Amino acid sequence: MAEALRQQADTVRRLKEEKASPEEIAEQVAKLLDMKAAICPEEGKHKFVLKTPKGTRDYSPKQMAIREKVFSIIINCFKRHGAETIDTPVFELKETLTGKYGEDSKLIYDLKDQGGELLSLRYDLTVPFARYLAMNKISNIKRYHIAKVYRRDNPAMTRGRYREFYQCDFDIAGQYDPMIPDAECLKIVHEILSALNLGDFLIKVNDRRILDGMFAVCGVPGSKFRTICSTVDKLDKMSWEDVKSEMVGEKGLSPEVADRIGEYVRLHGGLRLIEELLQDPKLSQNKLAREGLGDMKLLFEYLILFGISAQMSFDLSLARGLDYYTGVIYEAVLTQPQNDHTEESAGVGSVAGGGRYDGLVGMFDPKGRKVPCVGVSIGIERIFSIMEQKAEASEEKIRTTETQVLVASAQKKLLEERLKLVSELWDSGIKAEMLYKKNPKLLNQLQYCEETGIPLVAILGEQELKDGVVKLREVATREEVDICRGKLVEEIKRRTCLS
């Protein structure tokens with residue numbers, strides 16, 4: 001046991017030297033403390049390990065600054081497309097969520113029965129949205145919703161997979177002409193990924209009807225469509241041989257049927273492939289596949305008009321595991337490694353996904369009234385992981401505050417004057433700070449600005465007070481200029497480009 005303890009201590013030291021992720025270090029430190037407690041139970045009895053629960057994390061001011069920038073880009077895009085926002089409870093009735101997520105239902109967090117309603121934490125934002133529409137009898141809305149969701153998944157923290165995480169959803173509900181809202185959702189994904197500068201990306205597009213039609217012509221029994229769908233969905237993570245063996249070994253398909261599926265799911269392309277499949281002797285005989293291919297052709301024509309078809313790929317292997325999709329489905333993936341940790345970044349997976357779900361609202365409506373919906377979810381945690389890695393790699397200094405000016409004094413006994421000036425600035429809408437000391441040294445005040453990235457210092461001295469001016473100093477250039485007190489606000493705004 002002592003040897004195992006020594007090895008674990010070495011592991012912790014090595015991870016610290018290698019500057020491993022804080023989550024990984026915390027996990028190994030917790031293991032070390034558990035081992036120490038096992039050897040000396042008395043010593044460990046009253047010790048409480050301070051750590052976040054598995055699959056969760058804290059966010060430092062620097063991480064939150066990156067996160068807020070990402071949220072701002074996404075929200076601006078949603079608003080540019082005319083969306084309004086809503087919010088729903090973090091937990092729902094258990095029966096609201098049951099039976100909506102296929103094989104992923106086992107990942108739902110059920111809450112302990114408190115002697116009342118059986119509740120579960122929300123797994124995504126789409127099912128609560130459908131419940132909201134049905135409950136409030138809303139038949140059309142364009143909405144976005146950014147909130148935390150919960151999954152009892154095996155976390156992979158370095159790849160942005162957590163048990164508690166944010167989702168950013170945009171959905172269009174209502175009866176509209178085919179593929180116009182669907183094309184706009186894809187345009188939104190394209191705009192957001194382009195604005196975030198994550199590198200090259202590809203948006204894979206398919207249709208549940210094409211998949212179902214393909215399964216039917218390949219000889220898959222109707223009862224197995226959904227379960228085979230979730231196996232096909234693993235093709236981006238597993239080889240065709242492994243997917244085929246799961247279909248045959250675990251799902252009970254015959255090898256011949258699996259091979260016929262294999263001929264289709266390896267196809268990907270654009271308009272030309274859609275037109276070829278419309279002529280396919282088997283697929284063209286299936287009503288569902290024909291409908292799906294017809295809509296896919298229309299969708300790609302709209303994507304060409306939007307000027308974004310170069311980043312789109314009609315991909316027959318895309319299945320998306322959720323049960324509620326009924327039509328077009330899509331998923332965005334990054335196509336280049338983000339940094340030297342190729343294995344890690346290659347595993348980031350999809351950064352956005354969504355599709356059409358025309359039957360979900362009807363599941364909640366007492367009269368089964370359907371509200372067609374199409375939407376997209378931006379994989380904010382995965383995007384955030386990449387942005388964080390990029391920031392670390394570039395060693396770029398990230399500001400965690402937006403302070404425009406520090407009110408400083410050059411001599412002692414000027415606290416009252418500093419308080420008066422900082423109050424004037426706050427009342428004029430200027431983001432200002434001052435040090436919480438009666439007589440701070442000027443050097444300390446200037447150093448504080450350099451450390452925190454504050455661009456300007458408003459310096460008060462006895463002479464300045466007599467002359468009715470304030471000395472305004474640019475921290476970066478160290479250039480100083482006397483500004484009339486009445487014009488200070490205007491000058492600060494001008495210099496910080498916020499006027």
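**Entry: Thr88**

I began with Thr88, which sits in the loop that joins β1 (84–85) to β2 (91–93). The model I am reading is a predicted one. I then listed what Thr88 touches beyond residues up to four places away in sequence: Arg122, Pro128, Arg131 and His145.

**Entry: the chain as a whole**

I next turned to the protein chain in general. I noted 20 helices and 16 strands in its secondary structure. The C-alpha trace spans about 90 × 65 × 50 Å along its principal axes. Of the 499 residues in the protein chain, 46% are buried. The chain exposes about 25800 Å², and carbon and sulfur atoms supply 51% of that area. I also looked up the contacts with a separation of 6 or more: residues 24 or more positions apart account for 68% of them.

**Entry: the sheet**

I traced an open sheet of nine strands, in the order β1-β4-β5-β11-β10-β9-β6-β8-β7, and its pairing is mixed. Which strands stand at the edges? I found β1 and β7 (268–269) there; each has a single partner strand, so one side of each is left without a neighbour in the sheet. As a reminder to myself, strands of a sheet pair through backbone hydrogen bonds, either parallel or antiparallel.

I then examined β10 (residues 350–356) within this sheet. It pairs with β11 (residues 373–378) in the antiparallel sense, over five bridges. Gly355 stands opposite Gly375 in β11. β10 also pairs with β9 in the antiparallel sense, again over five bridges. There, Glu331 has Gly353 of β10 as its bridge partner. I checked burial along β10 as well: seven of its seven residues are buried, so this strand is largely enclosed by the rest of the structure.

**Entry: Phe170**

I moved to Phe170, which lies in strand β5 (residues 164–173). Its relative accessibility is 0%, and therefore I counted Phe170 as buried. Leaving out residues up to four places away in sequence, I found that Phe170 touches Phe78, His81, Ala83, Lys142, Arg143, Tyr144, Cys185, Ile188, Val374, Gly375 and Val376. Two of these contacts, Phe78 and Tyr144, form one aromatic cluster with Phe170. I also looked up a separation: Phe170 and Asp242 are 72 residues apart in sequence, and their C-alpha atoms are 34 Å apart in space.

**Entry: aromatic pairs**

I searched the whole structure for aromatic pairs and recorded seven. Tyr324 counts as buried at 5% relative accessibility, and Tyr325 counts as buried at 6%.

**Entry: helix α7**

I compared the span of helix α7 (residues 180–195) with expectation. At 1.5 Å a residue, its 16 residues should span 22 Å, and the end C-alpha atoms are 23 Å apart, which agrees. How many of the residues of α7 are buried? I found 13 of the 16 buried, so α7 is largely enclosed by the rest of the structure. After α7 comes Asn197, whose phi is positive, near 55°.

**Entry: helix α8**

α8 is mostly covered, with nine of its 11 residues buried. I listed these buried residues as Arg208, Arg209, Ile210, Leu211, Asp212, Gly213, Met214, Phe215 and Cys218. What covers the buried residues of α8? I noted that the cover includes the strands β6, β8 and β9 together with the helices α9 (225–232), α11 (255–265) and α13 (287–305).

Note on methods
Residues numbered from 1 in each chain as written. Predicted model: local features only at pLDDT ≥ 70, side-chain atom pairs only at ≥ 80, totals over all residues. Heavy atoms only, no water. Helix = DSSP H or I, 4+ residues; strand = E, 2+ residues; numbered from the N terminus. Contact = heavy atoms within 4.5 Å. Expected span 1.5 Å × (residues − 1). Buried < 20%, exposed > 50% of the residue type's maximum accessible area, 1.4 Å probe, protein only. Pairing = 2+ DSSP bridges. Areas by Shrake-Rupley, 256 points an atom, 1.4 Å probe, with all protein chains shown as cover. Phe/Tyr/Trp six-rings, centres within 6.5 Å; stacked < 30°, edge-to-face > 60°.
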